[in-house]
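Me: I would like a close look at one part of this model, and then at what surrounds it. Please keep it plain.

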Amino acid sequence: MTTYIARSKSVAARMLGGEMMIMSPRDTTLFNLNDVGSVIWQSADGQTPLHAIVERLCTEFDVAPEVARQDAETFVQELVEHGIMHVSDRPITAEPLRQEAT
Amino acid sequence: MILTATRELAIDIGGMPILVRTDSAEFADLLEDRYGSFIHAPSSDGIFTLDVELIPHRVIEEDEDVRVRLESGRWIITRGDFRAEWDTRRGQGWVRQSANPYSIDGVLRILHSLFLAREGGFLVHAASAVRNGRAFLFAGVSGAGKTTLSRLAPPDAEVLTDEISYVRPCHTGYEAFGTPFAGELARIGANLRAPLAALYLLVQGPENRIEPVDPADAARAVLRNILFFAHDEELVGLVFQSVFDFVARVPVQRLVFTPDARVWELIV
């Protein structure tokens, strides 16, 4: 299955001093992204498959494909849990509807 | 028939007066004592109005922690000792609390943090003072030395607060305002405003010196010290961006200090 990832539009993110910082708008957790995380973050346009992003990580950071895949999936999962990133099995063109609490 | 007269007091913090109305003369007197020079005569300039409904002392909400949420254009603000609502469109609200100064103090801090979020400003855990016409902030968590530094201030420095500083953007950068929000000093700040010259992150050490701080560390440190209560994604994003704009324009440095008055020789 192909996985697509997209940055949440409501997220607050800034690059400062070469460091990408993002804040979860849901719980105000602050994340500092390293170089690998920054590449994943900036590639998360909803159109680029995750496997293509992993291939880019392997090339740019000289890391084994399986290690890069696991790192990327762990990273994405954490951001999803904080409402910072969305995941879908098809390209993401718009912000997914938020699941309202019932 | 018993006549009750409503008392109105404008509590002007950060140039944003809130007209507080109460039917209790005793409570109005208590507010005058508490807020001192921050109380102004009511005028048509007041854009915000807060009605105080006094009730006997009791627990109003089970949850002791403050909760701030937006529902249909109204902020619902609750803490164990009060419940308040604020209509953002009308700039009006009410608070239900017992006759004590601490509850309304909490409400005012929260309301100002909400107002400032839309202006690019913020409340921050920091002492502040004006010297030579310029304001300096001294940020740090409890125990970092905010009150100590305030106590050591020389006669030519006016302490704006020893606990919570008020920062607003202006056309030349940022301004710091005095606040009545006091820490261990237990004294309201000077009701002044001045252009902000620097923010110092307080660290106690064996000598007095100023150290550089890289921009990312500066942003992290300021974010850690921001007072913000609302569970609201839009405002969280605005405050985050405001902090980054702030560190891009205001020098943020580390002030290592030993608790004696000579530290003020560095603050000029």
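What are α2(A) and α3(A) to each other, parallel or oblique?

Reply: They are oblique to each other. This is a predicted model, in which local features need pLDDT of at least 70, side-chain atom pairs count only at pLDDT 80 or more, and totals for chains, interfaces and linings use all residues. Residues are numbered from 1 along each chain as its sequence is written, while chains are lettered from A and ligands numbered from 1 in the order in which they are written.

Helix α2 (residues 50–61) and helix α3 (residues 65–81) of chain A have axes 9 Å apart and pack at an angle of about 125°. Axes are lines fitted to C-alpha atoms, for helices over the stretch in contact, and angles run from 0 to 180 degrees between N-to-C directions. Helices (H or I, at least four residues) and strands (E, at least two) are DSSP runs, numbered from the N terminus. Angles under 35 degrees count as roughly parallel, over 145 as roughly antiparallel, 65 to 115 as roughly perpendicular and the rest as oblique.

On the α2(A) side the contact is made by Leu50(A), Ile53(A), Val54(A), Leu57(A) and Cys58(A), and on the α3(A) side by Pro65(A), Ala68(A), Arg69(A) and Ala72(A). Contact here means that the C-beta atoms of two residues, placed from the backbone, lie within 7 Å. By class, the residues of this contact are eight nonpolar, no polar and one charged. Ala, Val, Leu, Ile, Met, Phe, Trp, Tyr, Cys and Pro count as nonpolar, Asp, Glu, Lys and Arg as charged, and the others, Gly among them, as polar.

Helix α2(A) also lies across β1 and β5 of chain A, and runs at about 70° to β5(A). Those two strands belong to an open antiparallel sheet of three strands, in the order β5-β1-β6 (chain A). Its edge strands, which pair on one side only, are β5 (45–49) and β6 (85–88) of chain A. The twist averages 25° from one strand to the next. Strand β1 (residues 4–7) of chain A is joined to β5(A) by two bridges and runs antiparallel to it (strands pair if DSSP finds at least two bridges between them). Within that pairing, Pro49(A) in β5(A) stands opposite Tyr4(A).

Chain A also touches chain B, with twelve residues of each chain in contact. On the side of chain A, β2 (12–16) and β3 (19–23) each supply at least two residues. This side of chain A divides into six nonpolar, three polar and three charged residues.

Helix α4 (residues 215–225) and helix α5 (residues 233–249) of chain B pack at about 130°, with their axes 9 Å apart. That angle makes α4(B) oblique to α5(B), and the crossing is right-handed. From α4(B), Pro215(B), Ala218(B), Ala219(B), Val222(B) and Leu223(B) meet Val243(B), Phe244(B), Phe246(B) and Val247(B) of α5(B). The residues of the contact of α4(B) with α5(B) are nine nonpolar, no polar and no charged.

Chain B is divided into domain 1 (7–117) and domain 2 (122–266), with bounds from an automatic or database domain assignment. The centres of these two domains, taken over C-alpha atoms, are 25 Å apart. Domain 1 of chain B gives 18 residues to their contact and domain 2 of chain B gives 20. On the domain 1 side, β5 (67–71) and α2 (101–117) of chain B are the elements that give two or more residues. The most come from α2(B), with seven.

Strand β5(B) is also an edge strand, together with β3 (39–40) of chain B, in an open sheet of eight strands with mixed pairing. Five bridges join β5(B) to strand β6 (residues 74–79) of chain B, and the two run antiparallel. Arg74(B) in β6(B) is the bridge partner of Glu71(B).

Note on methods: A crossing is left-handed if the near helix is turned anticlockwise from the far one by less than a right angle, and right-handed if clockwise.
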